Amino acid sequence: MNIPVAPSLHVNHLSVKFGAVQALSSVTLTAPPGEVTAVIGANGAGKSTMMRTIAGLVRPELGDVKYGEIQLTGKSPEEIVQSGISLVPEGRSTIAELSVEENLLLGALRRSSDRRQLLLDEVYALFPILGERNHQRADTLSGGERQQLAIGRALMGDPRVLLLDEPSLGLAPLIVQQILELVRDLALTRRLAVLLVEQNAVTALRIANTAVVLHLGKVVMTGPAAEIGADEQLRHAYLGY
Amino acid sequence: MARTNNFVTRTWGTDQMSRFVDYFLGGVGQGLIIALMALALVLIYRSTRVVNFALVGQAMFTTYIGLTIQDVTGSWWLALFIALGSGALLGLVVQALVLSPMKRADTSGAIIATFGVLIGLQALASMVWGGDPRNYPQPFPDVGFTVGGTTYQFTWYSVVTVVAAVLLVAVLGFIFSKTSLGLAMRASAFNPEVARLSGIRVSRMLTVGWVMAGVVGSFAGVLIAPLTTISPNSFDLLLVFAFTAAVIGGLDSLVGAVGAGIGTGLVLSLVTGYTDSSNAPLIALLLLVVNLIAKPEGIFTHSHARSV
């Protein structure tokens, strides 16, 4: 009963405008530790914009993002990473010209070399294929391996919150399932708060605890993932299946 | 033309073989200096997409500072270290001058601004030190080695030039491939967004690049100054050669800059040696044009998207 409770990530009334386009309107959600919170919705719903705003790459017009009591809005992306919030952006963002190991080390440059080695060993234990290919250039990896590398780089920062933007994009269904199951296990075993953005709602809902449905920049529904997956009307209206 | 061309001038050897050896070794020495300046250009270009034409102005200015230190103290080495230090400082100042007001403008605006800084530095140098060319002293006697009765153009100073340039390239290579700083700088250059999301302060890495380039450029300036003379415009040709080498090397490759720098030096030395030293700018232009027609992305490049 006395175990300290890890804080949650709180997105409060977040609004983002690009010129005349309202990309997000007053989005509110919570991602608690140890759980996967899925944000689903069609293309253009504002999912990636929300993730980029949380990571500090986009400035919100209104609202803010907090990790527990820590105010993240207004900090630079570098500072937000230091606060324990790591984003794996859309499109398997690895650096093609660097080796697998260099890509991973990037995530932990600020740490002591002992700590860095420890984190590296952990990532290699999680993704053995990366250990086998540690000296290969990142652009020689397959899509699934590169997604593992991108997640591995984020984990090198030893985050408390993991933001995953469309990890399934362009990957074979079997690999998507493997990666998402691993993400769910990470949330459980490391008490990570995982915020997962997915267009592929079926797979995301299968592993998520809570789901948030985003439509044209607005939250239209929040609830347990299983309930949202079972709501046929909602699926037809917003998820298109 | 003759004055600014001094460093590609070679006198005749005693026979065909020694002549070739002279041109070849001279070309390597010159090529290494061109390589250093090309390296400095690439250091900045790869992370900011700005070709910093002011670099030769910075090198000229810090070489003058070195010369002043020598006039006062008589120490070649002290002059070298102060020149390198002021090279670092000037790199910082030029970055602030060129990039900060240009933050919202495109890179072509910044490139033009580097020309402005170059002209400004040249004007300032002629106000401070005058426009007449001056000699930069050599720390070693200017006598060529004698092997088997033939005296070559290769002197102790040539040895120093080659060793110093090779050492500097090795140190940079070590920093970039083996240290955290180097990894952070490469990541910032290749993919600034992923670098930031990994917690790297990309803007600081850019500044480190400009400072490093300032030091490397100053080093090239001090090394070459004793072989030519120093005047506000005396490194203009070096800019042409270094830019040629940087483009041939692919503009974003450090290895390419070094390789193409040495190659350009060799070609220049051999061709001007067997023809006439005033041909040097023409040859550089020719190399550039042939390269842009045959392999516009450069020989050692990482990216394949550069178009001309």
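The pLDDT is the predictor's confidence in each residue, on a scale from 0 to 100. In the present model, which is predicted, chain A averages a pLDDT of 91, and 98% of its residues score at least 70. Among the elements of chain A, the highest mean pLDDT, 96, belongs to strand S6 (residues 85-88), whereas the lowest, 78, belongs to helix H10 (residues 232-239). Where pLDDT is low, predicted coordinates should not be read in detail.

Chain B comprises 11 helices and 2 strands. From the N terminus, its elements follow the order α-α-α-α-β-β-α-α-α-α-α-α-α. The radius of gyration of chain B is 19 Å, close to the 19 Å that the globule rule gives for 308 residues, so chain B is as compact as a globular protein of that length. The C-alpha trace of chain B spans about 65 × 50 × 35 Å along its principal axes.

Several helix pairs within chain B were examined for their packing. Two packed helices are described by the angle between their axes and the distance between the axes. Helix H1 (residues 16-48) of chain B packs against helix H8 (residues 202-224) of chain B at an angle of about 165°, the axes lying 8 Å apart. Angles over 145 degrees count as roughly antiparallel, and H1(B) and H8(B) are therefore roughly antiparallel to each other. Their crossing is left-handed. On the side of H1(B), the contact is made by Ile33(B), Leu36(B), Met37(B), Leu39(B), Ala40(B), Leu43(B), Ile44(B), Ser47(B) and Thr48(B). The residues of H8(B) in this contact include Trp210(B), Val216(B), Phe219(B) and Leu223(B), as well as Gly209(B) and Gly217(B). By class, the contact of H1(B) with H8(B) has 17 nonpolar and 4 polar residues, and no charged ones.

Helix H2 (residues 55-73) of chain B and helix H3 (residues 76-99) of chain B have axes that come within 8 Å and cross at roughly 145°. The crossing of H2(B) and H3(B) is right-handed. Among the contributors from H2(B) are Phe61(B), Ile65(B), Gly66(B), Ile69(B) and Gln70(B), while those from H3(B) include Trp76(B), Ala79(B), Ile82(B), Ala83(B), Gly87(B) and Leu90(B). The class composition of this contact is 11 nonpolar, 9 polar and no charged residues.

A further pair in chain B is formed by helix H10 (residues 254-274) and helix H11 (residues 280-294), which pack at an angle of about 135° with their axes 10 Å apart. H10(B) and H11(B) are therefore oblique to each other, and H10(B) passes H11(B) in a right-handed crossing. Thr264(B), Val267(B), Leu268(B), Val271(B) and Thr272(B) of H10(B) meet Ala280(B), Ile283(B), Ala284(B) and Leu287(B) of H11(B) in this contact. The residues concerned divide into 7 nonpolar and 2 polar, with no charged residues.

The contact between the chains takes 19 residues from chain A and 16 residues from chain B. On the side of chain A that touches chain B, the elements giving two or more residues are helix H2 (77-82) and helix H3 (100-106) of chain A. H2(A) provides the largest share of that side, 4 residues. By class, the side of chain A that touches chain B consists of 10 nonpolar, 4 polar and 5 charged residues.

Conventions
Residues numbered from 1 in each chain as written. Chains lettered and ligands numbered in written order. Predicted model: local features only at pLDDT ≥ 70, side-chain atom pairs only at ≥ 80, totals over all residues. Axes fitted to C-alpha atoms, helices over the stretch in contact; angles between N-to-C directions. Parallel < 35°, antiparallel > 145°, perpendicular 65-115°, else oblique. Left-handed = near helix turned anticlockwise from the far one by under 90°. Contact = placed C-beta atoms within 7 Å. Nonpolar A, V, L, I, M, F, W, Y, C, P; charged D, E, K, R; others polar. Rg over C-alpha atoms; globule rule 2.2 N^0.38 Å.
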